[in-house]
Amino acid sequence: MLMIENIYKSYGEKVLFNDISCTIAEKERIGLIGVNGTGKSSFLKAIAGIDAAEKGSIHHAKDYRIEYLAQEPELDENQTVMEHIYYGEAPIMKVMRDYEEALLQLEREPNSELAQSRLLQTQQKMDEAEAWEANTAAKTVLTKLGITMFDKKVGELSGGQKKRVSIAKALIQPADLLILDEPTNHLDNDTVEWLEKYLQTYKGSLLLVTHDRYFLNRVTNKIYELDKGNLYIYEGNYEMFLEKKAEREALEIANEAKHQNTLKRELAWLRRGAKARTTKQKARIERVEEMKDKRFDTKKQNLEFQVGSTRLGKKVMEITNISKTYEDRVLIRDFSNLIIPGDRIGIIGPNGSGKSTLLNLLAGRIEPDSGEIEIGETVKIGYYTQGDQELDGEMRMIDYIKEVAEVIHTKDGQVITAEQMLERFLFSRYEQYSYIRKLSGGEKRRLYLLKVLMTEPNVLFLDEPTNDLDTQTLSVLEEYLDHFPGVVITVSHDRYFLDRVIDEMFIFEGQGKITHLFGNYSDYLEKKQAIIKESKLEKPKQKPLKETKRKLSYNEKKEYETIEDVIMELESKLEELQQAIIDAGSDAGKVQELFTQQQEVESELEAKMERWEELSLLVEEIEKNK
């Protein structure tokens, strides 16, 4: 257990944490949310011991281990990938590091007796430390994240590869509390789905910040909301949080109304004048003064997207047989499509497959190697890119926005000034004259998004718009896009955003092939699963050849002998948990805890059942071919 007591931290004039306290218990899965700039990353750093709070304390046992993954991890450029992943002084990590180094040495020197002897010694140490299970788990993580270049220097990796290496290191390290700051940023859709499933069965506690609402909903069992220096705690996942937050806000409004009515009555009594200044009456006067000072948190900060867009004609874009190659790698091959008014297109595919390249081609920032792109005369493109290259840290916010326009016109004919638009994007008049360099990463992205929308585009290109934007900003952006009269083309790995915004997809399949599909991301997943299922059904059953006759390995035989007992134990545990949930009655906290345990056991039981079926079929096949 980790205890946080009355921590306080400010940034300039803004209070990030105002004497907040909480406890992180064993196996808790906590999602931290809040508007950009409220101090989410600072909160994570304070708990990780990287950036101390000004006041307050954080307590945990001496052997309590915390592993922290930063939003933008800083890696030692001179370390090898293996040195970075298997770092640390934990005994099990030292043993695994020695073993992996011995494997690499034997790969480089296959005939060396010294290398062979070293491998045997490290294998014995792995046996003694009972590290094989941890090593298998580590290899699974590395495989799923596509990490194979163990002897490569970190400095030679691309940005996406560095992020994956950092995630692998965080997942592999033994920890009581794993802290993840935007872990899904820069990961492709398949990897995000794998990470989501992996974290559902993580052995330690989790505290994470993410904009991915599907991820939050499926991984967490508690939500922390950081709002105006206060911490609000909600039991349940993101869906439960939305319901309970609405209830809290409604209650706060009702309490404020009740308070105001009481205050009116007390003030009326004071104005009539007290006949005698008794102790009782003096106390009443003091209470009225206290009531005047009481403040309620009922002012909601709402982003408003009301900018208009330039009229769009019938012709938008006609793409004819375009191809693009970089360094002998074909990213796009003979791609054609007709983009018409009202199109909502999502672009997905593995990292580095060419998604951003396609957007740059359509925007005219780069030229295709062959083919052509015809753009309609009325098209006005607004392009939201991934990096911060568009923002000059030495500029003031107001000057940055006024570079685009002093005023804008909404669809209903209103005229809104740059100052008013900044206020609608949660930048107060006072803050508008601050330098951009003082903003958090998320606030910079929100400011940049405002600038793009203020150009009044009729074709919007969004390259990973969900990275670094908070869930509230994303919800309002989605609402804006619902009413946006032009064309939207977005690259995104955020499944919720894709489901909410798009109705057709460009899917990068590799080798330059792009498939066009009507439907949102969930439709794409359904079709993908149907194709996989169909291919399994159609696959002819072939009798294995004698020369490739399969035998159970020693470990498989051992596993097969014990797996039925394991399944029975899990089934008994599941029955006990189900009864415990019934016995818990109206104790919501206990029910939530037991329900989380039940989900974990069900997941483990399902995996064991699948494995038992797999081994049974294998044994049956071996018996037939004897």
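In the predicted model, six strands make up an open sheet of mixed pairing, arranged in the order β5-β6-β7-β3-β8-β9. The edges of this sheet are strand β5 (66-69) and strand β9, each of which pairs on one side only. From one strand to the next, the twist averages 15°. Strands of a sheet pair through backbone hydrogen bonds, in either a parallel or an antiparallel sense. Two pairings within the sheet, β6 with β7 and β8 with β9, are described below.

Strand β6 (residues 177-181) and strand β7 (residues 205-209) run parallel and are joined by five bridges. Across this pairing, Leu 178 stands opposite Leu 206, a residue of β7.

An antiparallel pairing links strand β8 (residues 222-227) to strand β9 (residues 230-235), with six bridges between them. Leu 226 has Leu 231 of β9 as its bridge partner. The strands β8 and β9 form a hairpin, and two residues lie between them.

Glu 602, Glu 606, Glu 610 and Glu 613 form a negative surface patch. Of these residues, Glu 610 is found in helix α19, which spans residues 588-624.

Note on methods: Residues are numbered from 1 along each chain as its sequence is written. This is a predicted model: local features need pLDDT of at least 70, side-chain atom pairs count only at pLDDT 80 or more; totals for chains, interfaces and linings use all residues. Side-chain values use heavy atoms; hydrogens and water are left out. Patches are made of residues with over 30% relative accessible area and no salt bridge: like charges are joined within 9 Å, nonpolar side chains (Val, Leu, Ile, Met, Phe, Trp, Tyr) within 5 Å. Accessible areas come from the Shrake-Rupley method with a 1.4 Å probe; for residues, only the protein chains shown count as cover. A salt bridge is a side-chain nitrogen of Lys or Arg within 4 Å of a carboxyl oxygen of Asp or Glu. Lys and Arg count as positive and Asp and Glu as negative; His and the chain ends are not counted. The place of a charge is taken as NZ of Lys, CZ of Arg, CG of Asp or CD of Glu. Helices (H or I, at least four residues) and strands (E, at least two) are DSSP runs, numbered from the N terminus. Two strands pair if DSSP finds at least two bridges between them. Axes are lines fitted to C-alpha atoms, for helices over the stretch in contact, and angles run from 0 to 180 degrees between N-to-C directions.
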